[in-house]
Amino acid sequence: MIEKLNNEAKELTKLLTVETIIVSKTKPKLTGTYKEKDVIDISDKVVGDFVERSTDHIGNTTSIFKSDKKQKIGFTESDYPQFKLLIEKLYSFGNINRITTLDFIQTHSFDWIVSHYKNDSENSIYEHIIKVIKDKIEHYTFYFPMFNLQIESSFKIGNVEFTFLTKDYFDRLYQRMKSKDETATEENFKQIFRKDFQGQVLVKTTVQAEKSKAEKLAQLQAEIAVDVLKLYGETAIVPEKRTMFDLNFRLGYQLNSNYLSEIPGTEDSLSLNMRFNNSPFFFSKRHFNSAQNGGLSLFSNYLKLNRNSEIHNLTIQSIKLFGSAISNWDLHLRCVSLITILESVLLKENEDNKMEQRVKARLSKILTNEHKKKEEIKDVFGKIYLIRHKMVHKAKRLPIDFNELRKAQIHIIELFMRLIDLDTKFGVPNKNSLIDFLNNIKS
């Protein structure tokens, strides 16, 4: 297959379009906001080749050219699809897609094709890509800020560390920077580093890949670690309490808001009003130790395994859905999400009837062997199903019993723990095997 791809890449050079660049003696006239912003034209100061891409309405590349001051060479919109197919084939190799992005492969494949056209390439395109990857791959450590979370000391979930950087750390960093650059000022340093990162909870993770892929992998690791932590937050036990927290880059709600108000007819009555929508969550050492005893260590060790089984992926996806649900202030929509999680785990693809009955029966079986507790679990989720049904199908919001919702959330966390056991201790490989196992248990 590799040899075939190498030959396809060579053939693609025949589709390259070469155009002579005619430089206009007059610069285009700027209008509108561009004119008012005093945009600086630096086109005559660009040194070396640069790549131009055309995109469609959603940002997908439709053509690509490499230009210098004399000519441009590349694939037009009619020929680009064949180049796209080549890079997708290259990206299908596991040793490539695990540590690079598709954009990375596009960039360096295009470089090779242009070089081959100019008779500058000695290696095949596959050899070129592998060499570039070896040159570009590095270990990168990322620190992602958390909002609305305070911690007493650092701790780890999986391979991800929840930590913070101290004033002393930044004092020393500033002194080192000042010794290298006398123009550095405390004010600029504060705006760049102290303002957003000093004393802020940071999710720290290290991955090995090329830079853009490393960032994506690090974000995924950070997200699932935060979602596991949410299982042990106050909102999981007290559903009506707003102590949500999340990563800065995926925060889906406002922590505070403001507005103006006045008394009509009263002079100078205009006033500013502030509302804080969410209480910070303080994860203390005592809370951490309690969470460890309550199963946090089980989740943490499971993330370290980095398994690739269907049941593992299903468990991770379900935890992420729960993390999203637990951060939803709309408790009716949260109920809808909880049922979605259960149905994604406990229903086969072709089961589209008696769904509620099947889910409740299977959930009760996976959580307990006692008949009385099974009936209690079915009763709890019967109420959640009713809320979900009225919300989705009738647009009606039934009153929510917070205690019943609390039980439902705890049962789902227990389900995750049971899924981990079934994966790691009993080797259940996939969802169908899990459901067949549950169906064979007498109610």
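Biologist: How many cavities of 30 Å³ or more does a search of the whole structure find, and what makes a space a cavity rather than a pocket?

Modeller: The search finds two cavities of 30 Å³ or more. On a 1 Å grid over the protein atoms alone, a cavity is a set of points where a 1.4 Å probe fits but cannot get out, whereas a pocket is an open set with protein on both sides within 12 Å along at least five of seven lines; lining residues have an atom within 4 Å of a point. Points are joined across faces, edges and corners, and a volume is the space filled by probe spheres set on them. The model is predicted: local features need pLDDT of at least 70 and side-chain atom pairs pLDDT 80 or more, while totals for chains, interfaces and linings use all residues. Residues are numbered from 1 along each chain as its sequence is written, and side-chain values use heavy atoms, with hydrogens and water left out.

Biologist: What volume does the largest cavity have, and which residues line it?

Modeller: The largest cavity holds about 60 Å³. Among the residues lining it are Lys230, Glu234, Thr243, Phe245 and Ile326. Helix α10 (residues 234-237) gives the largest share, three residues; helices (H or I, at least four residues) and strands (E, at least two) are DSSP runs numbered from the N terminus.

Biologist: Into which classes does the lining of the second largest cavity fall?

Modeller: This lining has five charged, two polar and one nonpolar residue. Asp, Glu, Lys and Arg count as charged, Ala, Val, Leu, Ile, Met, Phe, Trp, Tyr, Cys and Pro as nonpolar, and the others, Gly among them, as polar. Asp49, Lys66 and Lys118 are among the lining residues, and strand β4 gives the most, with three residues. The second largest cavity has a volume of about 40 Å³.

Biologist: What makes a set of residues a nonpolar core, and which members of the largest one touch the most others?

Modeller: A nonpolar core consists of buried Ala, Val, Leu, Ile, Met, Phe, Trp, Tyr and Cys residues joined through side-chain atoms within 4.5 Å. In the largest, of 99 residues, Leu149, Phe162, Phe283 and Phe381 touch the most other members. Helix α16 (residues 402-424) gives the most to this core, nine residues.

Biologist: How do you know whether the protein chain is compact or spread out?

Modeller: The chain has 17 helices and 13 strands. Its radius of gyration is 28 Å, well over the 22 Å that the globule rule gives for 443 residues, so the chain is more spread out than a compact globule. That radius is taken over C-alpha atoms, and the rule is 2.2 Å times the number of residues to the power 0.38.

How values were computed: Buried < 20%, exposed > 50% of the residue type's maximum accessible area, 1.4 Å probe, protein only.
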